[in-house]
Amino acid sequence: MKVLKFVAKRLLMSIFVLFGLSILIFLVSRVLPGDPVRMALGPRAPEWAVQNMREQMHLDKPLYVQYYYWLSGALHGDLGQSLFTRRPVMDDIKEFLPATMELALFAGLIMAIFGILLGAVAGRYSNTWVDNTVRIFSYVGVVTPSFVFAILFLLLFGYLLRWFPTAGRLSAGIPRPPAITGMVTLDALITGNWAALGDALWHMVLPAVSLALGGMAQEARITRSTISDNLRKDYIGAARGFGVPERLVMLKYLLKPSLIPTASILGLDFASLLANAFLVELIFNWPGFSRYGINAMLRKDLNAVSAVVMVLGIVFVIVNILVDLVVAGLDPRIRLGAERGK
Amino acid sequence: MRKLIFLAFLCLSIVGFGAIGLADGDRVLRVSFSWPTYIDPAVGSDYSSSASFVNLYDTLVYPDVDGSPLPHVARSWETSEDGLVWTFHLRDDVLFHDGTPLTAEDVKFSMDRITTIGEGYGFLFVGRVQKTEVVDDYTVRFHLSQPFGPFLTTLYRLYILNKDLVEANIKRPGPYGDMGDYGKEFLLTHDAGSGPYMVKEFRVEEELVMVKNPNYWLPLDPETPDEVRFIGTTEPATIRTMMARRELEISDQWQPQEAWQALDAIEGVDIASFYAGTEFYLMINTKKPPTDDVHFRRAMAWAMDYQTVVDHIFPGSIQARGPIPQNIPGADPNVFQFQRDLDKAREELKKSKYYDQLDQLEVEFHWIAEVPDEEKVALLFMANMAEIGINVKVVKVPWMSVVEEMAQLETSPHIVSVFDSSHYPEAGSLLESRYHSSSAPTWEQNEWLLDPTLDAMIEDALATVDRKERFAKYAEIQEYIVDLCPTIFLFEQVEKHAYQSAYVDWPTARGEVNPVMGYNMAARFIKVYPEKRQELLGG
Amino acid sequence: MAFWKRPGFQRRWDSVKRGWYKFSKNPVSVVGLFFVLLVSFLAAFAPYVAPYPEHAGRFVNFSEASQPPSLKHPFGTDVFGRDILSRVFFGFRYSLMMGVVVLLLVVPPGVVLGLLAGYYRGTWIDTVIMRITDVFLAVPPLILALAVCSVLTPSVFNAMMAVSLMWWPWYTRLVYGLASSIRNEFFVQAAEVAGASRSHILFREILPNCVSSIFTKMSLDMGWVILIGSSLSFVGLGAQPPTPDLGTMVADGAKYLPDQWWIAVFPALAIMITVLGFNLIGDGLRDLFALEEV
């Protein structure tokens, strides 16, 4: 019950935030002069057709009325037409979002698993060469933009060593599994298409690792410092003194509580991961939502731009709530509902 | 912990899947393109769109390699004495992809649709075709509002749509009244044609997959591709990898100079290069200060380093002579040509009313982000202009945004660099689409000449039915335009494509170059030999 | 008495010396400081230390295009025949300018809003400021900055404006947290009782206690802002050619991978070094002040 109440409260706050975001992005998207209808129909379209469409899109009304129509449209899943793909933005999102979510989830997994693993090892053996190596890695990881990683990996593993493909989601000869979720790996798994699954994962490695490294370094750093702090605490010694098996000490008494700070920044790291996907998808020609978003921005395709920002806002709200739940699950001291943060 | 290690192992073991996904015996032709590809004939008019129309649709007449019209869906035609009425007799054995016959009704519908929507190649017909009349099932008649000499060749761009199919897929309400959206949403991802290929799958910004039409009314050689894929990427690194892995048969033409050498070095890959009547223009806005001053424009034309462009940036190209590429019928071989001469440039600049304020002025130069080599031209231009004291600001702009900003005079930059080619093989096409007032808001004209004298000259020439007389008028117009110096006519592009010469037979590469944009990509003339491809892959 | 002999100054000077001693004992921060000084030096004296300063501007020489690293061009040349080393030196200028300008624009309003919201915690002032902050923090700054840039003409100036517009909430949030706990401290209440003015309490009592956190965050943020700036140029929404911006150089070079690898790789490494330097210093400061929140 507490969980439900907590989720409900967070959702309510989030709705407020999203509402504010919608006003912000609506204003940004209307700053630009120009006639979106003329642009959509082309310069030689007859004036009567332009007029018809302008009325259908309510563009002849004042700004706040336009906002009302835009918002109510958005709530009904109508985000307008993309100038570039010339179809409803919603269709574009449905097509491109799964590819990005797939990549981001895969990268998020790599980030969390390897970040914690590296941090735990470094913390356990703090001030040894292992620790120092991890520390150097995490400095480099944190400061390197993911597009730089992407380019270096592309050069090294894509061209020089030729271990991984350099672009796209699937090799040319592999038929794409039927789109059930839109995520190729998941679809392949569902349909038992092992060749496609392997190929899709193989295509995902370089972009996902480029995306994951920054966050991974961050997680490793934090896990390391909490673990090495906690290692020195009395209760670990006490547990060992009571003869608790070493593996249990490590996992239950050391690792689990040490993950709390790590988990609480997972949300932020995931957010920056999605932001970086904007650049990395471009480099690996990943046909995803972020590449769509960046192209929309470059082409001033404003319906698409505002939709992209709103969708990301919603994704982040959900991720943050999930992260809070995970943290609460790890730490019995945190009561759900109490305000976190500063 | 063990689970974690297992997961880590799983991630690493993916490396092992390296070798899958290649080599199958399909007769497939894959061509790379820059997106967008609009497969709706009333919307698209760029290279990839045109290439898709050629494969999906049929036209009344078909261009021969010299540009002259051959009968196609029309068996024969006749024109009235005054050149105002054109009657076409259609074949009765042409079937659409859904099996229904192509009739005069469909031709009328296609003409009405493209003239109403007015996008794509619609400008060839808007205001020119007054009425389309269905005489009987297989006879159609066009009534023109004024005589139009090259009318027959413009019909290469009237792609015939299946009326019933489109009407069944109209979305209402839409901007076009009773016709709703005129089937625009449907035709964005589907075809309604009768052509040798039909759409199998259309993935926005990714790929257009077409398969051979088994019931095509003309015999198709069994060695022509069973499947044609237009792949929406021009990323040089990607193109090169795909070429090397034989995952791409013909490349796009937008590769940077550095890439061609690398592509040529791949075994079994050759570069096809030909002049397809494309010219590269620096379109100068003639209404915005300071480029509204003819002396200022001439100074720029004298200062430009043409030789470096054709030697280093686009090797193989030749410097352009006036607005019309020399292999287009009606080009004037005697029109004036600027050469780099800094003294003359400075002289002209002194005559300009902006001479005293050069240091406060800035000329904005926009180049197309999708074509990396244009940046070299932009920076060369910037360096050249700095020599005579003109400040240039270079801006990289995606194609879609350029199209948008060129739609209005206020947002049009001082200079845009654009490739353009004729829509039908005659000088009149470019003269009209580049310099007539009606084209000012399109991407084909950044000059905004809006010159009534010129408009009248162009209209008069196009209305001249006698070919010789018409060509004389074209020459006069070319001289008039060059004198205004609204454009720096940089070079005639040599169009290059890398292709798998070891297992693809492409007539264009053999020198059978069709001068109408898109027709060199007609897959029904291209042969693919998958056995030879497999040999390459095996060895 | 000379000002350096006054006891107040002496005391501060001593604490600075102590701080510097502690800071310099940390090898990590010293390395960071070294990088930052190096980058700043190269940026400041780019016209003198760059072998071909004219290559940073309106210059093309196609006969020397795409040459691999050599003694003449240690980082090679790009497809326009320009010396990459020289352009990297000038590129540092734009990166540093991006960081400095954005922080100068962002910190004062961000801090003031945070102070106000923290001091008036629980009132409508708090609610209004912090809810607006939440809206801006709902989406990563890079994405909002990209969206804002997309409606403006791309240029270095507009990129800085867009990043600034998205960056102030981080300072508001930081200072809000600090201020709302400091205002319950005894000395603040004492000042209130003594009848000190609002501005005295905000800027003289609360602000000085936030300064170490703010500085540390600024040092870390220098790195992040430079990163975001180069990301904007990377996609083409920031600096325009021929501006020698590091992000733009990486983006241009990426087109010529793998053969002309040097065009992208050296500017990429230059970004790494710059960001690394500021981050290491930030880390050193954090340890020095024993801060946790930043």
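**View 1. H4(C) and H5(C) cross with left-handed geometry.** A crossing is called left-handed if the near helix is turned anticlockwise from the far one by less than a right angle, and right-handed if it is turned clockwise. This is a predicted model, in which local features need pLDDT of at least 70 and side-chain atom pairs count only at pLDDT 80 or more, while totals for chains, interfaces and linings use all residues. Residues are numbered from 1 along each chain as its sequence is written, and chains are lettered from A and ligands numbered from 1 in the order in which they are written. Helices (H or I, at least four residues) and strands (E, at least two) are DSSP runs, numbered from the N terminus. The axes of H4(C) and helix H5 (residues 124-137) of chain C come within 7 Å and cross at roughly 140 degrees. H4(C) is therefore oblique to H5(C). Axes are lines fitted to C-alpha atoms, for helices over the stretch in contact, and angles run from 0 to 180 degrees between N-to-C directions. Angles under 35 degrees count as roughly parallel, over 145 as roughly antiparallel, 65 to 115 as roughly perpendicular and the rest as oblique.

**View 2. Residues in the contact of H4(C) with H5(C).** From H4(C) come C:Leu113, C:Leu116 and C:Ala117, which meet C:Ile125, C:Asp126, C:Ile129 and C:Met130 in H5(C). By class, this contact has 6 nonpolar, no polar and 1 charged residues. Two residues are in contact if their C-beta atoms, placed from the backbone, lie within 7 Å. Ala, Val, Leu, Ile, Met, Phe, Trp, Tyr, Cys and Pro count as nonpolar, Asp, Glu, Lys and Arg as charged, and the others, Gly among them, as polar.

**View 3. H8(C) against H9(C).** Helix H8 (residues 186-193) and helix H9 (residues 198-235) of chain C pack at about 155 degrees, with their axes 10 Å apart. H8(C) and H9(C) are therefore roughly antiparallel to each other. Their crossing is right-handed. H8(C) contributes C:Phe187, C:Val188, C:Ala191 and C:Glu192 to the contact, and H9(C) contributes C:Ile201, C:Glu205 and C:Ile206. These residues divide into 5 nonpolar, no polar and 2 charged.

**View 4. Chain C and its confidence.** Chain C has 11 helices and 0 strands, and its C-alpha atoms fill a box of roughly 75 × 50 × 30 Å along the principal axes. The mean pLDDT of chain C is 87, and 97% of its residues reach 70 or more. Here pLDDT is the predictor's confidence in each residue, from 0 to 100. Among the elements of chain C, helix H4 (residues 84-119) has the highest mean pLDDT (93) and helix H1 (residues 7-25) the lowest (77). For the complex, the predictor gives an ipTM of 0.81 and a pTM of 0.81.

**View 5. H7(A) and H9(A).** Chain A contains 13 helices and 0 strands. H7(A) and helix H9 (residues 194-231) of chain A pack at an angle of about 140 degrees, their axes 9 Å apart. The two helices are therefore oblique to each other, and H7(A) passes H9(A) in a right-handed crossing. The residues of H7(A) in this contact include A:Phe149, A:Phe153 and A:Phe157, and those of H9(A) include A:Leu206, A:Pro207 and A:Val209. By class, the contact has 10 nonpolar, 4 polar and no charged residues.

**View 6. The interface of chain A with chain C.** In this interface 38 residues of chain A are in contact with 36 residues of chain C. Helices of chain A that each supply at least two residues of this side include H1 (2-30), H7 (146-160) and H13 (302-330). By class, the side of chain A that touches chain C has 32 nonpolar, 4 polar and 2 charged residues.

**View 7. Backbone details in chain B.** A cis peptide bond, with omega about -5 degrees, joins B:Arg172 and B:Pro173. B:Pro173 is in the loop between helix H5 (163-168) and helix H6 (184-189) of chain B. The peptide bond from B:Pro289 to B:Pro290 is also cis, with omega near 5 degrees. B:Pro290 is in the loop between strand E11 (270-284) and helix H9 (294-303) of chain B. B:Leu450, a residue other than glycine, has a positive phi near 45 degrees. B:Leu450 lies in the loop between helix H14 (427-435) and helix H15 (452-463) of chain B.
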